Amino acid sequence: MGDDCALLRPDAGLDLALTTDMLVEGRHFLPDAEPRALGHKALAVNLSDLAAMGATPRWATLAIALPAADAAWLEAFSAGLYALAERFGVDLVGGDTTRSPLRTINITAIGEVPPGLALERAGARPGDDVWVSGELGGAALGLVHPENPDAAKRLHLPEPRVELGERLRRLAHAAIDLSDGLAGDLAHLLERSRVGAVIEYERIPKSASFAKLKDPRLEKDCVLSGGDDYELLFTAPREHRAELEALAAELKLPL
């Protein structure tokens, strides 16, 4: 800190993966959003992008615009961001601050991946299985039913699947993180790979909260079109089923 630029030294022989994401008050979060959770989510959505590429997070920059300097808000926001950064070994290496009528948060995250092993959207092949991590629809349900604690946690404190992404490098053909909903993000992957897919709705892993609500239309809307789950969707050859099931057990993460 203190110079005009950060000097980064990647590990020898690795490619850099770079992503950036912007959160704008009123569009991506409410004005009364809890600042610690917002700090967590602002970094988590970028780490999720790195995970979808099979990259290991290393560095991040933060550019933030605020209506005023609110020390208590900044302290809580920073605590949420730094706690997640520490978990995944991410160094904050720069950024910028300015004044704006709306809070705007922009993070750029940089990771590393071995050459030729990045998980791209264009790699899916005919005959692949379609896999997804975790459960879907919980974050979207949190928007409709903010009083549901499990759904609210999924919305405000998403868990980037970094270790899963790293372990999929030699197992999966293609991957994408689910930020815009299963139907939309799967379509992005299929379009890039020039393939189609058949999805059996009954086999999609869904938040347990839907069983209690007994609202099939809401469930289907959240599971298929709801965003902000930040789970990984990936395709893999059938011969890797046993390895992936073993990986799920090892990571204690349903696949």
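A nonpolar core is taken here as a set of buried Ala, Val, Leu, Ile, Met, Phe, Trp, Tyr and Cys residues joined through side-chain atoms within 4.5 Å, where buried means under 20% relative accessible area with a 1.4 Å probe and protein chains only. The model is predicted, so to speak of local features requires pLDDT of at least 70 and side-chain atom pairs count only at pLDDT 80 or more, while totals for chains, interfaces and linings use all residues. Residues are numbered from 1 along each chain as its sequence is written, and side-chain values use heavy atoms, leaving out hydrogens and water.

The largest nonpolar core has 41 residues, and Ile105 and Leu168 are those with the most contacts inside it. Helix 1 gives the largest share, eight residues. Beyond its neighbours within four places in sequence, isoleucine 105 is in contact (heavy atoms within 4.5 Å) with residues including Leu23, Phe29, Leu38, Leu62, Ile64 and Phe77. Another core of 20 residues lies apart, Val132, Ala174, Leu178 and Leu189 among them.

Turning to the backbone, aspartate 228 is not a glycine, yet has a positive phi of about 70 degrees. Aspartate 228 sits in the loop between helix 8 (216–225) and strand 7 (232–236). Lysine 252, also not a glycine, has a positive phi of about 55 degrees and belongs to the segment after helix 9 (241–251). Lysine 252 is exposed (over 50%), with a relative accessible area of 75%.

Methods. Helix = DSSP H or I, 4+ residues; strand = E, 2+ residues; numbered from the N terminus.
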